[in-house]
Amino acid sequence: MTDFAIFSSPTVVGNLLWTCQLYWLHYRYSLNTSLLSDGLYPLLSRAVNFYTHFQVDNGSDHVIHLPITFSPEYPGPKGPDTNYDLALYRWGLKTIVHIAKDLLHKNEPRLSVWEDSLARLTDYPVDQNGYMIARGVPFAISHRHFSHLFMVWPLNLVDWSNKSEVNLAEKSVDHWIGMGSSLTGFCRPAVSVMSSLMGRRHSAFSNITFLLDKYILPNTFYHEGENGECGETPPMAASAIQDMMLLSSKDGLWIFPGVDDTVLQDVAFHQLRAEGAFLVSSKRVSGRTDWVFIQSEKGEPCTLYSDMKFPLKAEPNTVQLHSFNNDSVSIELKPGRSVVVYSAAQDVPPPDFTIRPSPGNKKYYNFWGLHG
């Protein structure tokens with residue numbers, strides 16, 4: 001087997017791919033193809049090709065590894081096959097292949113190289129506690145960053161229909177957040193989003209309230225204790241709150257995935273943007289979703305997941321709903337068209353399409369300023 005130690009790799013190599021993932025989300029929310037052809041494709045292809053110069057092709061088992069790189073902010077040792085880089089490289093390869101073949105239909109000479117690297121890229125290193133930092137390097141020192149969990153979020157590479165993958169993700173997040181000595185407020189929005197993805201509604205909510213109660217100052221400012229200011233945390237928390245209301249990916253729209261019904265029975269949101277260039281609104285009454293409004297800007301098909309009781313009805317009724325397993329419906333809308341979906345079950349009250357402020361829960365009110 002090739003000795004990883006003979007390779008003098010860069011210490012931090014994944015940050016450009018992370019930037020590309022954010023660029024990709026700009027495209028997914030707008031479906032503006034000029035963002036792909038003029039910006040993301042040339043940048044992402046170079047970022048992926050950078051890895052091909054130092055990836056390690058193990059001739060004995062035909063598996064591609066990565067040499068020693070750095071897992072951001074982890075204070076412990078380094079190792080090969082760092083999960084931070086494996087997740088980003090895997091995402092980058094999958095995405096550049098998808099763009100080249102399915103979106104831009106390019107005659108790309110590097111396509112076969114990318115597909116081969118993706119097919120042979122090594123699995124993530126794991127141990128009894130879940131995802132490791134790197135091969136031979138367990139997550140054993142508390143720190144605030146979720147860099148070894150990028151396959152869970154923000155890259156969302158976990159197959160949430162695969163029970164073993166879900167169990168691994170849950171175990172890994174629990175192990176990370178359970179080592180609390182060096183955690184800060186920065187980690188709480190990340191745990192909230194991961195919890196929404198995993199269906200852990202109480203955790204999605206409680207990690208945001210923990211951030212507000214323990215870290216946000218009376219003047220609304222925020223800092224990481226002795227670490228000083230941290231500009232990422234407040235906008236990440238705002239995004240996590242939106243993800244509690246609506247999650248989206250190429251696979252569909254999930255309505256109220258992180259809303260804890262034991263805390264908030266009545267919730268509404270209006271025209272949140274979703275992947276696929278959709279504007280989505282919805283309302284939850286007494287712990288059940290009353291209706292969902294979807295406006296399509298570019299005509300991409302979508303699959304809607306919600307807790308609305310089947311059968312579902314669409315207005316206008318010219319829009320057809322195709323149901324799957326009584327937990328989702330597929331919808332096709334032409335660009336600029338919209339639909340309202342609600343339950344037509346006889347034991348469900350008629351929907352109230354009015355959006356108004358929800359009363360909230362007084363126990364969790366957090367007014368800014370000093371508390372008397």
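**Entry: α1 and α2.** I began with the pair α1 and α2, which are roughly antiparallel to each other, because angles over 145 degrees count as such and I read a crossing of roughly 155 degrees for their axes. I note here that the model I am reading is a predicted one. The axes of α1 and of helix α2, which covers residues 33-52, come within 10 Å, and I recorded their crossing as left-handed.

I then looked up which residues make this contact: α1 brings L16, L17, C20, Y23, W24, H26, Y27 and S30, while α2 brings T33, L35, L36, G39, L40, L43, L44, A47, V48 and Y51. Sorted by class, the contact of α1 with α2 holds 14 nonpolar residues, four polar ones and no charged ones.

**Entry: α1 and α3.** Next I turned to helix α1 (residues 15-30) and helix α3 (residues 83-103), whose axes also come within 10 Å and cross at roughly 40 degrees. That angle makes α1 oblique to α3, and I noted that the crossing of these two helices is left-handed.

For the residues in contact, I listed N15, L17, W18, C20, Q21, W24 and Y27 on the α1 side, which meet Y84, L88, Y89, W91, G92, T95, H98, I99 and L103 on the α3 side. In the contact of α1 with α3 I found 11 nonpolar residues, five polar ones and no charged ones.

**Entry: looking back at α1.** Which residues of α1 did I write down for the contact with α2? Among them are L17, C20, W24 and Y27, and I had L17, C20, W24 and Y27 in my list for the meeting with α3 as well.

Note on methods. Residues numbered from 1 in each chain as written. Predicted model: local features only at pLDDT ≥ 70, side-chain atom pairs only at ≥ 80, totals over all residues. Heavy atoms only, no water. Axes fitted to C-alpha atoms, helices over the stretch in contact; angles between N-to-C directions. Helix = DSSP H or I, 4+ residues; strand = E, 2+ residues; numbered from the N terminus. Parallel < 35°, antiparallel > 145°, perpendicular 65-115°, else oblique. Left-handed = near helix turned anticlockwise from the far one by under 90°. Contact = heavy atoms within 4.5 Å. Nonpolar A, V, L, I, M, F, W, Y, C, P; charged D, E, K, R; others polar.
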